Amino acid sequence: MAKETKKEPLIRLTKRDGMPAYKKLLIRCISLLMACVICGFVIYAITGLNPVEVYSTMVSGAFGTRTRIWSTVKEMMMLACIAIGLAPAFKMRFWNIGAEGQVLVGGIVTAGCMIYLRALPPIVLFSLMFVVSAAAGALWGLLPAVFKAKYNTNETLFTLMMNYVAIQLTSFFVAKWENPFGSNTVGVINQNSQEGWFPPVMGSRVFMSADIVLILAVLMFVYLKYTKHGYEISVVGESENTARYAGISVGWVTIRTMLLSGAICGLAGFMAVAGASHTISTSTAGGRGFTAIIVAWLAKFDSGAMLLISLLLAFLQSGAGEIASKCKLNSYASEMITGIILFFILGSEFFINFKLMFRKHGKEEA
Amino acid sequence: MQGFISLFQAAVFFGTVIMFGCIGEIITEKAGNLNLGVPGIMYLGGISSLAAVFIYEGSTDTPSSAVCVLLALLASFAGASFGGLIYAFLTITLRANQNVTGLALSIFGSGVANFFGGSLNTLAGRFEQISVPVTSAAFRQNIAPLANMGIIGKLFFSYGFMVYLAVILAIVTQLFMQHTMTGLNLRTVGENPQAADAAGINVTAHKYLAICIGAGICGFGGVYYVMDYIKGTWANDGSIEKLGWLSVALVIFATWKAKNAIWGAYLFGVLYWMYLYIPGLTRASQEIFKMLPYVVTIVVLVFTSLTNSREKQPPAALGQSYFREER
């Protein structure tokens with residue numbers, strides 16, 4: 001009898017599907033917990049602070065006062081809005097890395113409206129800003145989509161490059177609109193008259209953008225889950241060949257979805273300018289376009305999960321900012337912590353998708 | 001003439017940073033992994049070298065420049081490959097999505113680097129702007145007798161050693177990919193991992209090594225930027241990030257061939273700095289000119305997809321994780 005020359009590997013992987021929801025949730029929570037422990041150690045190693053104290057400082061930094069809560073909510077809503085915009089594109093497996101640029105062009109046209117059209121009645125001005133910012137974002141998304149649909153041009157790199165075109169465009173307008181002259185910033189637009197600013201509701205201007213984002217979240221949920229368009233998007237995402245076989249026009253679905261995706265990202269720019277900073281600069285998007293990709297992906301394009309993950313990241317950012325200012329360190333610590341947490345959540349997906357089979361000890365039938 | 005020389009030099013400085021990033025990313029992509037973490041990896045490479053040298057220069061009164069250079073290169077390679085290792089573990093072993101993992105790595109790397117870059121002094125109990133004069137001088141030392149040879153000297157010999165290292169690395173990478181067995185195996189892994197696996201090539205090992213070595217080379221871009229380009233200090237202005245993304249773009253521009261990265265990198269440098277040499281531009285219209293490298297990349301991207309030539313395509317299995325039992 002031939003002797004077995006190769007041993008069975010110690011660990012073998014098999015794919016699994018259909019894990020119960022509570023187990024998925026459990027795995028994700030464990031990974032989050034582990035990430036927090038690791039981050040605690042990292043913070044301890046750098047600052048020498050007690051990790052428990054660090055986390056309580058973070059909570060008070062993010063939710064300690066009314067202003068802080070609103071600023072955390074503002075950050076969360078921005079991130080969520082971009083993620084909601086990206087969700088349909090990514091569900092279609094269209095790698096829209098260009099949210100950063102789409103947000104910026106939305107912001108540019110909003111700032112333009114606030115500067116040149118401030119004489120218009122507020123309702124008209126708001127509707128106009130809403131429409132043009134969405135249109136600008138959609139245009140920025142349309143270009144790569146058309147080339148993808150027609151010539152199968154790589155959209156990951158196309159959208160990435162569009163970001164930098166948008167950043168330079170922003171620099172151009174910043175130099176054009178700078179105020180005061182020579183400062184190389186636009187300054188707060190309409191500081192005194194506050195035309196084109198979101199009106200404060202319940203003591204904060206964030207309230208309105210938060211509402212818009214929540215409405216968008218619900219609409220996107222319904223769109224992806226219960227409409228024909230949403231179904232087409234998921235078929236194209238699963239397999240383009242299947243989609244073609246089923247008679248779906250892949251090119252048209254790509255273009256239509258990117259128009260929508262870009263438009264929502266453009267709206268995020270509208271909210272960032274009219275609803276939050278009232279100015280425009282190259283950091284208006286501030287890397288959120290990239291972070292939102294991870295938010296959308298981890299949430300599996302589910303609106304509720306996107307809001308939750310955005311909240312987590314916004315909390316980290318405000319919290320780490322608080323620690324940084326307390327310890328006189330810089331606030332980039334939040335990006336570091338965010339990175340670590342993302343690694344853990346990304347890694348945890350493995351245990352949801354795969355099953356580890358250990359080599360059985362003792363004798364076994366072949 | 002003076003203008004031409006300074007544009008040429010600026011282009012070489014700029015090009016060298018992205019050439020390192022591009023070579024590293026070509027090696028990574030040839031193994032079938034699209035690593036969007038290049039900016040983060042460059043950040044990690046830059047900060048590791050800066051931190052190591054900062055500690056070393058602070059610890060002795062007479063730092064030796066040879067040790068400084070060696071330490072900077074080793075530290076950056078270690079730091080950058082560590083970033084690559086995280087990415088490799090997540091995408092190869094845990095089969096996470098490559099694009100998303102790469103972006104997370106970019107966030108992580110920029111966070112780590114800017115955090116330490118901004119707080120190294122505070123942590124070390126010193127308060128002046130961070131600087132490593134000895135190392136920076138060693139990195140910027142040109143080829144002394146040749147550099148004084150008039151125009152030729154200025155154009156070709158007035159740079160620090162890393163400029164030449166980048167070109168040599170590009171050529172070596174090209175030869176390695178095209179003319180060695182290991183290079184062929186690596187390309188097979190990127191084109192068709194199933195076939196490679198069936199032929200007895202260890203897919204996982206090839207991918208891991210390619211990603212870590214590629215990341216280490218990307219990290220040299222960070223070192224060059226920190227030590228030579230901005231002369232041994234730290235700037236929290238996001239420039240490395242921009243350069244990192246341009247390196248990714250350059251990979252496409254070079255159509256996945258390291259030899260094309262050489263002239264491509266310098267061309268990007270020329271396009272980037274051209275606005276300084278065009279008379280009559282206002283500060284606003286300069287910004288429009290700075291779009292050029294990105295616009296050119298888009299045009300190249302569109303053209304390569306239009307021509308659809310087999311020579312100019314990305315590795316066929318780029319971006320897909322390999323699972324042996326998948327059909």
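Is Thr304(B) buried or exposed? In which helix of chain B is the place of Thr304(B), and which residues does Thr304(B) touch when those up to four places away in sequence are not counted?

Analyst: Thr304(B) is buried in this predicted model. Thr304(B) is placed in helix 15 of chain B. With residues up to four places away in sequence set aside, Thr304(B) touches Thr255(B) and Lys312(B). A further separation can be given for Phe253(B), which is 51 residues from Thr304(B) along the chain: the two C-alpha atoms are 8.9 Å apart.

In total, 40 residues of chain B are in contact with 40 residues of chain A. On the chain B side, two or more residues each come from helix 3 (65–93), helix 4 (98–124), helix 12 (239–253), helix 14 (283–289) and helix 15 (292–307). The largest share belongs to helix 4 of chain B, with 16 residues. By class, the chain B side that touches chain A consists of 23 nonpolar, 12 polar and five charged residues.

Of the 366 residues of chain A, 48% count as buried. Among contacts in chain A with a separation of 6 or more, 76% are between residues 24 or more positions apart.

The domain assignment divides chain A into domain 1 (18–49 + 332–357) and domain 2 (72–326). The C-alpha centres of these two domains of chain A are 27 Å apart. Contact between them involves six residues of domain 1 and nine residues of domain 2. The side of domain 1 that touches domain 2 has four nonpolar, two polar and no charged residues.

The largest nonpolar core comprises 215 residues, of which Cys81(A) and Ala296(A) touch the most other members. This core lies between domain 1 and domain 2 of chain A, because both domains give residues to it. Leaving aside neighbours within four places in sequence, the contacts of Cys81(A) are Val213(A), Leu216(A), Ile264(A), Leu267(A), Ala268(A) and Met271(A).

Helix 3 (residues 66–91) and helix 11 (residues 288–298) of chain A have axes that come within 8 Å and cross at roughly 60°. This crossing of helix 3 and helix 11 of chain A is right-handed. From helix 3 of chain A, the residues that meet helix 11 are Met78(A), Leu79(A), Ile82(A), Ala83(A), Leu86(A), Ala87(A) and Phe90(A). Their counterparts in helix 11 of chain A are Arg288(A), Gly289(A), Thr291(A), Ala292(A), Ile293(A), Val295(A), Ala296(A) and Trp297(A). Taken by class, this helix contact has 12 nonpolar, two polar and one charged residues.

Most residues other than glycine have a negative phi. Arg93(A), in the loop between helix 3 and helix 4 (99–116) of chain A, has a positive phi, near 60°. Phe301(A), in the loop between helix 11 and helix 12 (303–326) of chain A, likewise has a positive phi, near 65°. Their surroundings may be stated separately. Arg93(A) counts as partly exposed because it has 14 C-beta neighbours inside 10 Å. Phe301(A), by contrast, is buried, with 25 other C-beta atoms within 10 Å.

Ser239(A) is in the loop between helix 8 (228–238) and helix 9 (240–245) of chain A. It counts as exposed, since 12 C-beta neighbours lie inside 10 Å. The C-alpha atoms of Ser239(A) and Arg93(A) are separated by 9.4 Å, although the two residues are 146 residues apart along the chain.

Notes: Residues numbered from 1 in each chain as written. Chains lettered and ligands numbered in written order. Predicted model: local features only at pLDDT ≥ 70, side-chain atom pairs only at ≥ 80, totals over all residues. Domains from an automatic or database assignment. Contact = placed C-beta atoms within 7 Å. Nonpolar A, V, L, I, M, F, W, Y, C, P; charged D, E, K, R; others polar. Helix = DSSP H or I, 4+ residues; strand = E, 2+ residues; numbered from the N terminus. Core = buried A, V, L, I, M, F, W, Y, C linked by C-beta atoms within 7 Å. Buried ≥ 20, exposed ≤ 12 C-beta atoms within 10 Å, placed from the backbone. Axes fitted to C-alpha atoms, helices over the stretch in contact; angles between N-to-C directions. Left-handed = near helix turned anticlockwise from the far one by under 90°.
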